[in-house]
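Thanks for passing this one along. Here are my notes, arranged as numbered points so that you can check each against the coordinates.

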Amino acid sequence: MKYLFALSFLVTLISFNANAQVKKGDLVDGISAVVGDEIVLESDILEQQNYAIQQGAAQTNKCEFMEQILSNKLLIYKAKKDTLIQDRTAAIRAQAGDKYNQILSQFPSERAMLDSYKFRSSYELKNVIEKMDIDNYYGQSKYALITDKVNITPNEVTDFYNAFKYQLPQVKDEVVLSKIVMFPKLTDAHKQEIIDKLKKIKQDILNGETFENKARIYSDDPGSAANGGLYTNIGRGKMVKIFEATALNLQEGEISDPVESEFGFHIIQLVKKSGKLYDARHILLKAEPNAEEIATAKAEMEQIRKDILEGKTTFKDAAYKHSDDKNTKFNAGVIPAEDGSDRQEKINLPATVAYQIAGVNKGDLTEVFMDELNQKKAVVLMKVNDIIPEHSLDIATDFERIKSFALDKKKRETLEKWVKENLADTFISLDNRYKDCQFKTDWNKAAIVK
């Protein structure tokens with residue numbers, strides 16, 4: 001399933017570069033299949049094949065990628081006709097502009113971005129963003145509906161393990177970590193400096209300078225600065241509460257006084273309000289702590305570390321009382337892994353964290369160190385709760401992880417069954433180049449081959 005939905009936007013854009021370098025006699029592009037009214041281009045297949053090769057995949061048979069894409073297109077086609085799936089096309093299109101601006105913020109100019117990804121115009125790139133996001137939404141929604149009631153029993157997990165234990169991946173060295181995170185607090189005087197700077201910027205705009213130019217020069221928001229601070233078609237609840245409340249209490253064209261959010265300090269201009277959507281510009285100045293404020297936070301964390309070591313408090317209680325990380329403070333500071341467990345592979349840890357826990361034994365604390373969380377400077381203290389050496393998956397110690405593999409397999413089988421059941425009433429057309437493919441599902445039998 002990873003090839004159905006997991007390719008990131010950046011990877012897909014990179015593949016445009018790869019496909020742009022074609023050799024004489026190669027097919028540049030063309031329609032390779034049609035599923036319902038969904039079209040599969042030859043470039044769609046080449047993109048996934050190229051990506052798999054770049055990732056070191058052992059098997060890169062084009063027929064396999066074609067079948068994965070065909071299944072995905074069938075999901076999308078059926079999803080768009082499913083009344084149980086909310087039509088979010090308009091909202092996704094509205095958000096494409098924000099994603100475009102986020103990408104643009106990583107380049108010195110719009111032309112540099114378009115040249116890098118081999119697009120002739122911003123219109124082409126925005127269309128690609130829209131189509132990919134719409135397809136991902138419908139494909140994932142339909143897959144979720146199809147597999148929603150798929151469950152697995154402990155006996156099925158055991159049977160799966162006995163059948164596939166020699167094919168399951170080796171688990172690399174793992175650790176279980178907890179952390180206490182503290183964002184250095186700005187002094188009142190420092191906050192006032194930032195507020196005064198924003199007031200000066202606002203006054204310059206009122207005196208005739210443009211909000212757009214000031215945003216490009218001063219704003220610390222990478223998602224909107226390059227676009228003059230503009231966000232368009234903002235839905236209710238999309239922005240943080242203080243931003244939305246401030247923007248919607250303005251008249252069109254009016255600029256707010258400085259307001260503080262979790263990201264820093266803003267001045268906001270309401271550009272347009274239409275029904276449940278609105279356009280707004282803002283200039284963000286991040287609340288970056290200075291050396292003195294960082295030193296104060298470090299001293300406070302050092303005292304917390306000392307109290308834990310002396311038994312005056314527990315790490316769990318200290319995390320609950322002092323940590324600014326909402327994702328871990330209510331869970332004894334334990335850092336969750338991507339698979340939902342608390343085990344993290346050492347090889348995937350951020351470099352800063354890997355350095356700090358090197359040589360630290362089970363149950364010990366790290367030194368107090370500086371890191372970043374949500375692009376904000378933070379003072380951090382960690383505890384190494386457990387160290388798990390590299391090992392083969394074992395049903396006794398890795399049941400939940402094996403259960404996840406078994407459940408994924410059962411969901412894939414459910415999807416394959418659904419695909420077979422829905423081929424008969426769906427128009428399928430395959431290019432003659434794929435007529436000899438040995439598909440798991442008989443797409444050739446269901447298709448018109450041209």
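1. **Ground rules.** This is a predicted model, in which local features need pLDDT of at least 70 and side-chain atom pairs count only at pLDDT 80 or more, while totals for chains, interfaces and linings use all residues. Residues are numbered from 1 along each chain as its sequence is written, and side-chain values use heavy atoms, with hydrogens and water left out.

2. **Overall fold.** The protein chain holds 16 helices and 14 strands; these are DSSP runs numbered from the N terminus, with helices (H or I) of at least four residues and strands (E) of at least two. Its C-alpha trace spans about 75 × 60 × 45 Å along the principal axes. Of the 450 residues, 44% count as buried, where buried means under 20% relative accessible area, exposed over 50%, and partly exposed in between (1.4 Å probe, protein chains only). Among contacts (heavy atoms within 4.5 Å) with a separation of 6 or more, 66% join residues 24 or more positions apart.

3. **The largest nonpolar core.** A nonpolar core is taken here as a set of buried Ala, Val, Leu, Ile, Met, Phe, Trp, Tyr and Cys residues joined through side-chain atoms within 4.5 Å. The largest one has 24 residues, and Met 66, Leu 70, Phe 439 and Trp 443 touch the most other members. At least two residues each come from strand E1 (31-35), helix H3 (42-54), helix H4 (62-79), helix H7 (122-147), helix H15 (399-423) and strand E13 (428-430). H4 gives the largest share, seven residues. Apart from this core lies another, of 15 residues, among them Leu 177, Leu 349, Phe 369 and Val 380.

4. **Around Phe 439.** Which residues does Phe 439 touch, not counting those up to four places away in sequence? They are Cys 63, Met 66, Glu 67, Leu 70, Leu 430, Tyr 434 and Asn 444.

5. **The disulfide.** A search of the whole structure finds one disulfide, defined as a pair of cysteine sulfur atoms within 2.5 Å. Cys 63 and Cys 437 form it, with their sulfur atoms 1.9 Å apart. The link is left-handed, at -70 degrees about the S-S bond. Because Cys 63 lies in helix H4 and Cys 437 in the loop between E13 and helix H16 (443-446), the pair ties together parts that are 374 residues apart in sequence. Both cysteines, Cys 63 and Cys 437, are buried.

6. **The largest pocket.** The largest pocket contains about 1200 Å³ of space. On a 1 Å grid over the protein atoms alone, a pocket is an open set of points where a 1.4 Å probe fits, with protein on both sides within 12 Å along at least five of seven lines; lining residues have an atom within 4 Å of a point. Grid points are joined across faces, edges and corners, and the volume is the space filled by probe spheres set on the points. There are 39 lining residues, and Glu 262, Phe 263, Gly 264, Asn 374 and Lys 376 lie nearest the centre. Helix H5 (89-104), strand E6 (259-261), strand E7 (264-274), strand E8 (277-285) and strand E11 (376-388) are the elements that give two or more residues to the lining.

7. **Make-up of the lining.** How many of the lining residues are nonpolar, polar and charged? The lining divides into 13 nonpolar, eleven polar and 15 charged residues. Here Ala, Val, Leu, Ile, Met, Phe, Trp, Tyr, Cys and Pro count as nonpolar, Asp, Glu, Lys and Arg as charged, and the others, Gly among them, as polar.

8. Most residues other than glycine have a negative phi. Asn 233, in strand E5 (residues 230-235), has a positive phi near 50 degrees and is partly exposed at 34% relative accessible area. Ala 332 sits in the loop between helix H13 (315-322) and strand E9 (344-345), with a positive phi of about 60 degrees. Its relative accessibility is 22%, so Ala 332 counts as partly exposed.

9. **A buried helix residue.** Ile 129 is found in helix H7 and is buried, with a relative accessible area of 0%. Ile 129 and Asp 394 are 42 Å apart, C-alpha to C-alpha, and 265 residues apart in sequence.
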